[in-house]
Amino acid sequence: MKPRFRRAVRGVRAAAVLAAALLATAAPAAAAGSGVPGAKAPAVPLRVATYNIHAGAGEDQVFDLDRTAAALRDLHADVIGLQEVDVHWGARSAFVDEAHALAEKLHMRVFFAPIYDLDPAAPDGERRQYGVAVLSRYPVLHAENHEITRLSTQTSDPVPALAPGFAEVVVNVRGAHVHVYATHLDYRADPSVREAQVADMLDVLAADRGPKILVGDFNAEATAPELAPLWQRLRDAAPDGGGTYPALDPVKRIDFVTVSPDVTVAGARTVASEASDHRPVVTDLKLHRRGR
């Protein structure tokens with residue numbers, strides 16, 4: 001079953017999707033932490049990464065999903081937001097379901113949030129999808145594919161309109177629940193669509209309580225005016241992490257892990273890799289919760 005979408009910014013409740021998508025890949029359940037009633041529980045560590053995987057093609061333009069999986073494995077991350085994920089999309093990625101293939105290779109759960117959902121290339125084929133995904137070693141309690149403003153690449157004369165592809169998962173990290181969002185913002189030089197996307201994402205975040213982590217390819221640097229509203233609500237977890245694009249000799253930092261004020265950043269870095277045209281960003285975070 002694929003997610004249903006509606007125009008409301010909050011997206012859809014995806015219990016049925018979780019049964020199909022999350023249980024499709026086996027991963028050990030994490031034990032809930034215990035705390036002393038009335039006392040503050042110890043901080044819970046969580047390693048979070050973001051990676052634009054370029055549909056599984058490296059800087060050499062060769063499709064190699066095993067290489068992508070190896071790059072992801074080397075991050076040793078608990079939760080990873082992915083961008084440019086193909087699911088039966090086309091010949092460039094051998095019509096592979098990359099979301100579930102990577103989850104299987106890494107023994108992680110996955111939630112895939114398509115931006116585009118097109119008819120099969122052949123009458124007996126699978127639907128062609130492209131979007132973002134979240135991989136998690138920990139149980140996912142809830143998942144949604146939210147709509148934000150987009151300028152479609154699939155029409156000849158696009159106009160800005162709400163469209164899916166802003167993923168949210170609620171992860172149970174040893175008893176601490178955290179909202180993780182994965183996004184891929186517009187790539188065009190005109191910042192107006194990104195400005196609208198930032199506003200839409202902040203509306204989604206405002207409706208959720210508790211710690212929040214937003215990751216993704218923002219297609220803009222931290223100082224871009226259209227990103228300014230984000231920094232009123234979130235913190236850049238890797239301001240000194242180094243450039244992320246292009247992968248071989250980065251000149252821009254456009255891939256981010258951002259966190260709400262109640263999440264502590266213990267460390268962050270950009271990782272050199274040629275498995276994509278972007279470099280991944282990995283961060284060590286701490287979640288804080290009250291003991292039960």
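Buried means under 20% relative accessible area, exposed means over 50%, and partly exposed lies in between (1.4 Å probe, protein chains only). This is a predicted model, in which local features need pLDDT of at least 70 and side-chain atom pairs count only at pLDDT 80 or more, while totals for chains, interfaces and linings use all residues. Residues are numbered from 1 along each chain as its sequence is written, and side-chain values use heavy atoms, with hydrogens and water left out.

**View A. A salt bridge joins Arg92 and Asp86.** A salt bridge here is a side-chain nitrogen of Lys or Arg within 4 Å of a carboxyl oxygen of Asp or Glu. By this rule the count comes to nine salt bridges. In this pair, the closest N and O atoms are 2.8 Å apart. Are the two partners buried or exposed? Asp86 counts as buried, at 0% relative accessibility, whereas Arg92 counts as partly exposed, at 47%.

**View B. Asp117, Asp119 and Arg127 form a network of salt bridges.** Look for Arg127 and Asp117, whose closest N and O atoms are 2.7 Å apart. Arg127 sits in the loop between strand 3 and strand 4 and Asp117 in strand 3, so the pair ties together parts that are ten residues apart in sequence. Helices (H or I, at least four residues) and strands (E, at least two) are DSSP runs, numbered from the N terminus. Arg127 counts as partly exposed, with 32% relative accessibility.

**View C. Glu226 reaches Arg194 through a salt bridge.** Their closest N and O atoms are 2.9 Å apart. This pair links distant parts of the chain: Glu226 is in the loop between strand 8 and strand 9, and Arg194 is in helix 4 (residues 192-206), 32 residues apart. Both Glu226 and Arg194 are buried.

**View D. Helix 3 spans residues 98-106.** Its buried residues are Glu98, Ala99, Ala101, Leu102, Ala103 and Leu106. What do these residues pack against? Their neighbours are helix 2 (65-73), strand 2 (79-87), strand 3 (109-118) and strand 4 (128-136), where contact means heavy atoms within 4.5 Å. After helix 3 comes His107, which has a positive phi, near 60°.

**View E. Strand 10 (residues 255-259) is mostly covered.** Five of its five residues are buried. Asp255, Val257 and Val259 cover one side, and Phe256 and Thr258 the other; all are buried. Two strands pair if DSSP finds at least two bridges between them. Strand 8 (residues 212-217) pairs with strand 10 in the antiparallel sense over five bridges, and Ile213 has Val259 as its bridge partner. Strand 9 (residues 235-236) also runs antiparallel to strand 10, joined by two bridges; here Asp236 is partnered by Thr258.

**View F. Val173 belongs to the largest nonpolar core, which has 29 residues.** A nonpolar core is a set of buried Ala, Val, Leu, Ile, Met, Phe, Trp, Tyr and Cys residues joined through side-chain atoms within 4.5 Å. Residues with the most contacts inside this core include Leu46, Val173 and Ile213. Leaving aside residues up to four places away in sequence, Val173 touches Val44, Pro45, Leu46, Tyr138, Val178 and Leu287. A second, separate core of 26 residues includes Ala99, Leu106, Phe112 and Val282.

**View G. Thr283 is found in strand 12 (residues 281-287).** Thr283 is buried, with a relative accessible area of 1%. Its contacts, not counting residues up to four places away in sequence, are Leu46, Arg47, Val48, Ala237, Val257, Gly267 and Ala268.
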